[in-house]
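Student: Could you take me in for a close look at one part of this model, the inside of it? I'd like the details, cut-offs included.

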Number of protein chains: 2
Amino acid sequence: MPASGSRRRVAVATLEHPQSPSCCPHFHRAVELVGKRWTGAILYVLIESGRPMRFSEIGHAVPDLSDRLLSERMKELEASGIVERHVTATSPIKVEYELTERGNELSPALGELKRWADRWLN
Amino acid sequence: MPASGSRRRVAVATLEHPQSPSCCPHFHRAVELVGKRWTGAILYVLIESGRPMRFSEIGHAVPDLSDRLLSERMKELEASGIVERHVTATSPIKVEYELTERGNELSPALGELKRWADRWLN
């Protein structure tokens, strides 16, 4: 829907790299990774917990997410080096997921997004 | 692929709301919004520029994004109150997109994600 004909403010800066042939390939990959359906919520739960979590715990903390999809996402996060899967050979076998350093360092970005969401999507 | 049998560290905290029936609905919506294919890159370009941008400028700054999809994304961002569309009745007509306050306040989250991407996806 068209807005009014006037602009509210004038330009305050120019693009940092106006001649750049490509916008932010690393950033773009990061958004695609974290922004994939359910991945953000899974990472949020792992960061909030601050400890390794079992598959069923993660599933419990992220409702509406099927076990099949959670399993798929955990494999993707492991392949991206964001979580590590630890298997303890007890009976029954114990499988836990833990954030790597790379995964833990997503905390500031997800924390800021949480603050924005609490302010603007309330 | 299974990792080693031992865990590297013990639990350091418990979930803030272990009994919560639902993980972070606002946060989840925010991730779905920002994480939608191309949306993050479009927001990055608008935040970096710090000024209203024309449709073609945004398209130029985000390569591989078709005009059709860019148009769809700009409509979604407008509907979410993240950008405003300004039409100036010149000839030819001038259409620009500007971040709202809600949109500008995504800057810290996207900035932190950019820092993470530069460090870990290099």
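Tutor: The largest cavity is lined by V31(A), V34(A), G35(A), A109(A), L110(A) and L113(A) from chain A, along with V31(B), V34(B), G35(B), A109(B), L110(B) and L113(B) from chain B. A cavity here is a set of points on a 1 Å grid over the protein atoms alone where a 1.4 Å probe fits but cannot get out, and lining residues have an atom within 4 Å of a point. The elements giving two or more residues to that lining are α1 (25-34) and α6 of chain A, plus α1 (25-34) and α6 of chain B. (Helices are DSSP runs of H or I with at least four residues, strands are E runs of at least two, and both are numbered from the N terminus.)

Bear in mind that this is a predicted model: local features need pLDDT of at least 70, side-chain atom pairs count only at pLDDT 80 or more, and totals for chains, interfaces and linings use all residues. Residues are numbered from 1 along each chain as its sequence is written, chains are lettered from A and ligands numbered from 1 in the order in which they are written, and side-chain values use heavy atoms, leaving out hydrogens and water.

The space in the largest cavity is about 120 Å³, and one cavity of 30 Å³ or more turns up by this rule. Its lining splits into 10 nonpolar, two polar and no charged residues. (Nonpolar means Ala, Val, Leu, Ile, Met, Phe, Trp, Tyr, Cys and Pro; charged means Asp, Glu, Lys and Arg; the others, Gly among them, are polar.)

Now for the helices around it. The axes of α6(A) and α6(B), residues 107-120 in each chain, come within 8 Å and cross at roughly 165 degrees. The two α6 helices are therefore roughly antiparallel to each other, a label for angles over 145 degrees, while 65 to 115 counts as roughly perpendicular. The crossing of α6(A) over α6(B) is left-handed, with the near helix turned anticlockwise from the far one by less than a right angle. P108(A), A109(A), E112(A) and L113(A) meet P108(B), A109(B), E112(B) and L113(B) there, where contact means heavy atoms within 4.5 Å.

On the α1(A) side you'll find H26(A), F27(A), A30(A), V31(A) and V34(A), and on the α6(B) side L110(B), L113(B), K114(B), W116(B), A117(B) and D118(B). By class, this one comes to eight nonpolar, one polar and two charged.

L43(A), Y44(A) and I47(A) of α2(A) meet S107(A), L110(A) and K114(A) of α6(A), a contact with four nonpolar, one polar and one charged residues. Finally, check the loop between α1 and α2 of chain A, where W38(A) sits: W38(A) isn't a glycine, yet its phi is positive, about 80 degrees.

Note on methods. Axes fitted to C-alpha atoms, helices over the stretch in contact; angles between N-to-C directions. Parallel < 35°, antiparallel > 145°, perpendicular 65-115°, else oblique. 1 Å grid on protein atoms, 1.4 Å probe; cavity = no way out; pocket = protein on both sides within 12 Å on 5 of 7 lines; lining within 4 Å. Points joined across faces, edges and corners; volume = space filled by probe spheres on them.
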